[in-house]
Amino acid sequence: MKILFQGDSITDAGRDRSDPHNLGEGYPKYAAENIAEAFPDMDFEFVNLGISGNQTIDLVNRLEEDFIAQQPDVVSILIGINDVWHRAATKEWLSDEKFEENYRTVLEAIKTRTNAKILIIEPFLIPVEDKLFFREDLDPKIQIVRKLAREYADAYLPMDGLLAAGYIGTEPTVYAADGVHPTEEGARFIGDYYLEAVCDLIDETAE
């Protein structure tokens, strides 16, 4: 069973891009470990094609080679924070309409041109002072991702909310020191929830 991880630097996580099976040091590594442990009698091919700095338009641009040609059994997507961050200095935000159009293009192609189960992970932001204003653009885009998930996803991880619950009683930056890129603890946190979300998809695909 082929599981494809897609996204930006949070997914890339320092992977060796010359080897698509190198998962880096982020949540794909821990998700794959969890999956392999939970399904010891199954053979998995884990592929990480996340690219640091990517925005939704970049996923559109590499749709053919890095999504369709891969023909995964399960594909997960975590994208969106760079659509906000890359415009934060000027607040010349990408329109919500264009954001939705980009993301929908990717999802529609996966849905119609592969047999993959789709796991969408919503973008998130850990509260750090210098990025709190990202919320004015990020929050509406999270709502768009949730809407698209209702249309296209086979499973959904509301990661912004899950992290908000997770750091109750502790310092939020334990999960991402800069508010965006997970620490090891943050990556393990996502990896654990990834397993919960993907188990049914694996079972359905294996039937």
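M1 is buried, with a relative accessible area of 19% (buried means under 20%, exposed over 50% and partly exposed in between, with a 1.4 Å probe and protein chains only). The residue belongs to the segment that precedes strand 1 (helices, H or I of at least four residues, and strands, E of at least two, are DSSP runs numbered from the N terminus). The model is predicted: local features need pLDDT of at least 70 and side-chain atom pairs count only at pLDDT 80 or more, while totals for chains, interfaces and linings use all residues. Residues are numbered from 1 along each chain as its sequence is written, and side-chain values use heavy atoms, with hydrogens and water left out.

Between M1 and F44, 43 residues apart along the chain, the C-alpha separation is 4.8 Å. Apart from neighbours within four places in sequence, M1 contacts M42, D43, F44, E45, D73, I202, T205 and A206 (contact means heavy atoms within 4.5 Å).

## Aromatic pairs

Rings of Phe, Tyr and Trp (its six-membered ring) pair if their centres lie within 6.5 Å; planes under 30 degrees apart count as stacked, over 60 as edge-to-face and the rest as tilted. By this rule there are twelve aromatic pairs. One of them is the tilted pair of F5 and Y194, with 5.2 Å from centre to centre and 45° between the planes. This pair joins distant parts of the chain: F5 lies in strand 1 (residues 2–7) and Y194 in helix 9 (residues 184–206), 189 residues apart. F5 has a relative accessible area of 0% and is therefore buried; Y194 is also buried, at 0%.

F39 and F44 make an edge-to-face pair, with centres 6.1 Å apart and planes at 70°. F39 is buried, with 13% relative accessible area, and F44 counts as buried at 19%. A single aromatic cluster is formed by F5, Y27, F39, F44, F46 and Y194.

## Packing of helix 2 on helix 9

The axes of helix 2 (residues 27–38) and helix 9 are 7 Å apart and meet at an angle of about 45° (axes are lines fitted to C-alpha atoms, for helices over the stretch in contact, and angles run from 0 to 180 degrees between N-to-C directions). The two helices are therefore oblique to each other (under 35 degrees is roughly parallel, over 145 roughly antiparallel, 65 to 115 roughly perpendicular, and the rest oblique). Helix 2 passes helix 9 in a right-handed crossing (left-handed if the near helix is turned anticlockwise from the far one by less than a right angle, right-handed if clockwise).

On the helix 2 side, the residues that meet helix 9 are Y27, Y30, A31, N34, I35 and A38. Their partners in helix 9 include Y194, L195, V198 and I202.

## Packing of helix 8 on helix 9

Helix 8 packs against helix 9 at an angle of about 120°, with 11 Å between the axes. This pair is likewise oblique, and the crossing of helix 8 over helix 9 is right-handed. M159, L162, L163 and G166 of helix 8 meet F189, I190 and Y193 of helix 9.

## The loop between helix 8 and helix 9

T173 sits in the loop between helix 8 (159–166) and helix 9. T173 is partly exposed, at 26% relative accessible area. Not counting residues up to four places away in sequence, T173 touches I126, V128 and T183. I126 is 47 residues from T173 in sequence, and their C-alpha atoms are 6.8 Å apart.

The side chains of T173 and E171 are joined by a polar contact of 3.0 Å (a pair of N or O atoms within 3.5 Å; within protein, one must be able to donate a hydrogen and the other to accept it, and residues adjacent in sequence count only if both atoms are side-chain atoms).
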